[in-house]
Amino acid sequence: MIKGEMLMNRRPLLSFTICWIAGSAAGCMFSGRSLLFYLAGLLLLPAIWAVSGGIRWRTAAVFGLAIAAAVLYWEWSEARNVSLLPEQLGRSANELNEANVTAAGVIASPVERDGDRVDFTVKLSRIGLERQGSQETETSANVETGAKVATKEKVAVVVAAGAAADAATLGSAEADSETEAEAETGVGADAITGAEEEAKGELVAVQIKLQEESEIAVAALWQRGDRVVIEGELAQPQIARNFGGFDYRAYLLTKKIHWLLKGSGTASVKIAPPASWQLSGILRWNDRMRATLGAEMERLFEEPHAGYMKGLVIGIQEDLDPETFKQFSQLGLTHILAISGMHVAVYVGVILFLLRRCRFTRETALTVTLLLVPAYVLLSGAGPSVVRAGIMSMIALLAARFAILKDGMNILAAAALMMLVWNPYLLLSVSFQLSFLVTAGLMVYTPLAAPLFRCLPNWLGSALSVTIIAQLVSFPLTIYYFNQFSLLSFAANLLLVPFITFLVLPLGTLALLLGRFWNTTALLTVQLAELLNNATFAAVEWVNGFTAGVLIWASPSLLWICLYYYLLYGVLYALKRRTEITLAPQYMEDETRPLAELELPGNSRGKAGNTSSNKAVPAAAANSRRAALALQAFPHSDVTRWSSLAAMLCAASLALLLYRGYNAEDLNGTGAISYLDVGQGDSILITTPGGAHILVDGGGTVSFGKKEAWRIRRSPFEVGAKTLLPLLKQRGIHRLDAVILTHGDQDHAGGLQAVLEGMPVSALLFNGTLADTEPYTKLMTTALAAGVRLYPVQQGMVLTPDEAAQLHFLWPEPPADGQTLLNEVEDQNHESVVFRLEMNGRSFLFTGDMDQAAEEAILQSAQQAGIQAGKPIDILKVAHHGSKTATSADWLTFWHPAAAVISAGVNNLYGHPNGDVLARLEDANTEVYRTDQHGEVQLRVGKKAIIMRHKLNMKDTE
């Protein structure tokens, strides 16, 4: 039988699962005619394989069926993954956005609190759309209690969308018990009225903003499975507003969530316990158990050890110190902080060891361990990686119990297929992709790499091969999603992963087990674990100090990723063949020599020269003999030479691929300007034709007053860290040649703190003044500590990053006689840096938050120089987000801008852009683009034309 057919017969599940994944990926990436085209192409592949004789037609038909079924299953899932609320409530999605509603349902997720916000998911049973009536009405809400509502008219359209109990009619016994429970909470039939319709449950993500510190204790009582009635505001999740930015709406879509429900304070939530026990009660109990274990960890360990150990042992990552996570992430060690296959393997190994020590039979030990694995998966949070490891462990234990399905790749394929059939959207999960890809990579690539480490002791060679292969296999996805990779990650994983796995993890688990009944010993164990943790933290911080080892990569294409894995396989396979040929013995001069004596160099041949040993031949020696016998027809030197040549060719191709991936930007002589959407702030990225990167401002999250300690979140949203820096890395920017800070206001300077901390910056240009604020002082201190050159700019200066680009600074004016630079200035807007960019013969004006007084001063300086009108500019960045304090008619007349860009936040509190400014721009025949309506605005600046595009269509923001 031919090789391809043998492979399919040996690993049928693997082949079927690969076809299923290919079909699911096609359904995910394409739609309409494109999907049909790619589906036809995929179905053609097994047919071509069958025609060529590689597989049988029956096998090809099965593969085609798997591809087609996966596509149809994905499309069916997509068709069902739509919101029912617009149809049921009789309103469009835009009309429902920001509508006040009263919703009833069941809490379907753990309840998590971060600072002053509580998050959980609710599976709706009913939802009412409220509006104020023109007349007050009085309605009897509950005859038995005599409660009456006479304050406002509530017009509600009811959606039946809950569990089986909710689907029953209001006259049923279950509905009656539910109504009684609602009455006890204070919100029942009076909250939502109307005709109930039967429909499927819809999930909404609930966000409750706590108003008082005392409400923390109230929210702590909320649990999965509780029935709730919530009064709040519906909101659509935010879409990506920058090219390559994070799309929160698409992310929630993979969780089948289409709406956010935002409430204010615990008074907006009414809770009732479950009416009866349901299967979901297991998850409710599991949440309580995890919370109890987490509280025990907090009792035993001090911070930051408590949050670290909760993530390491239990899989609770919400309390992990953000700085610790950042340090681990930079070294590619975050997998150690999440429950994964390593934890499951240790758990299964320990249980099997203990059961065998207790003299359980092999079959009984395997069966008991099999039954205990699901409990551990649940207690550890049931993330994709631990579910994958749990399923694989259960299949492997079952296979060992009954001596079936022993192949690891088939077991992996079975786990993947089961998970994708359960939830096809797991295919888009980063955790799912990394978990399965790294596991498969270890199975495929480690045997190829093992011969390369034969000269080392077995334990060291095995550790090196596994660590290096894991890093090489995870590399493409790491740079695709996180856009950075540390060269020191290999050493860090080699040294720290075994240290944490075999020392810290067992100690943390032991302390948790001993805490309840032997506290003294538990505390001693805790002290030892914290000592080891301190050593780990110090080592990670020390290694991260070598910032030169951190490389920033643009997100590669799917084709690049596939080529990478293909060439990596080619390199390792060619090197393996060369090593086997070099080490394989050659006995062609004595073909009758006993095969039992053909051993690899360095292996023992038996005592006292006994050549007739009947012991089994080692597997490695047997493989080498087969390789040597198979190559008898070819000269040894020729095969070695061809293997070496193939390895060199694949290695050279791989090096070229990596070079092209690292230097992915190719402007071909054009420049680029990106007006980024950073909310209510400014941030503009300029890339010159010569490849220089200049960032103008960094946006910033503006906070009003100092927050109380209990309100502060562990990882609050900050536009620099969450939006700007990821965008710069995603676009493959390795270094910023210059950062221009127009002035010191937080909405322009705040985001630059994360940029200076996370990316090399050559120079910082600012307006020559200081702002008396803590964030501004911290920013300048960080710049000095990082060795960034500081340049105060003023009117008349010119910056030439390359031959095709020049920056002419128009403001601020030079200091008067007797004045010095670096004075503290409260009104930073007037001192904003203003410059004109000439690039490829095109002209662009950048104005910061300048005011009309600065505009008049610039125009006056031009008149004194004999300039009656400036050179018409192509694009004007409108000053101060379109505020009425700038962009006068004289200013527009002087510059004659063909188009203007206004950077303003959606529904900002300041009313930007001002209507008068928009009217003046219209009178000047200037086309206007706004980040609040268009998202990011990108310009491609060539010598002949400017190509403009923006992220959002107008209909997306209506």
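Reader: Which residues does Tyr565 touch, not counting residues up to four places away in sequence?
Author: Quick heads-up: this is a predicted model, where local features need pLDDT of at least 70, side-chain atom pairs count only at pLDDT 80 or more, and totals for chains, interfaces and linings use all residues. Residues are numbered from 1 along each chain as its sequence is written, and side-chain values use heavy atoms, with hydrogens and water left out. A contact means heavy atoms within 4.5 Å. With residues up to four places away set aside, Tyr565 touches Leu437, Tyr445, Val473 and Pro476.

Reader: Is Tyr565 buried or exposed?
Author: Tyr565 sits in helix H22, residues 558-583; helices (H or I, at least four residues) and strands (E, at least two) are DSSP runs numbered from the N terminus. Buried means under 20% relative accessible area, exposed over 50%, and partly exposed in between, using a 1.4 Å probe and protein chains only. Tyr565 comes in at 14%, so it's buried.

Reader: Which strands stand at the edges of the open sheet of seven strands?
Author: The sheet runs S19-S20-S22-S23-S24-S25-S26, with mixed pairing, where two strands pair if DSSP finds at least two bridges between them. An edge strand has a single partner, so one side is left without a neighbour in the sheet, and that goes for S19 (798-802) and S26 (927-930).

Reader: And in S24, what's the bridge partner of Phe844?
Author: Strands S23 (residues 842-846) and S24 (residues 875-877) pair in the parallel sense over two bridges. Across in S24, Phe844 has as its bridge partner Ile875.
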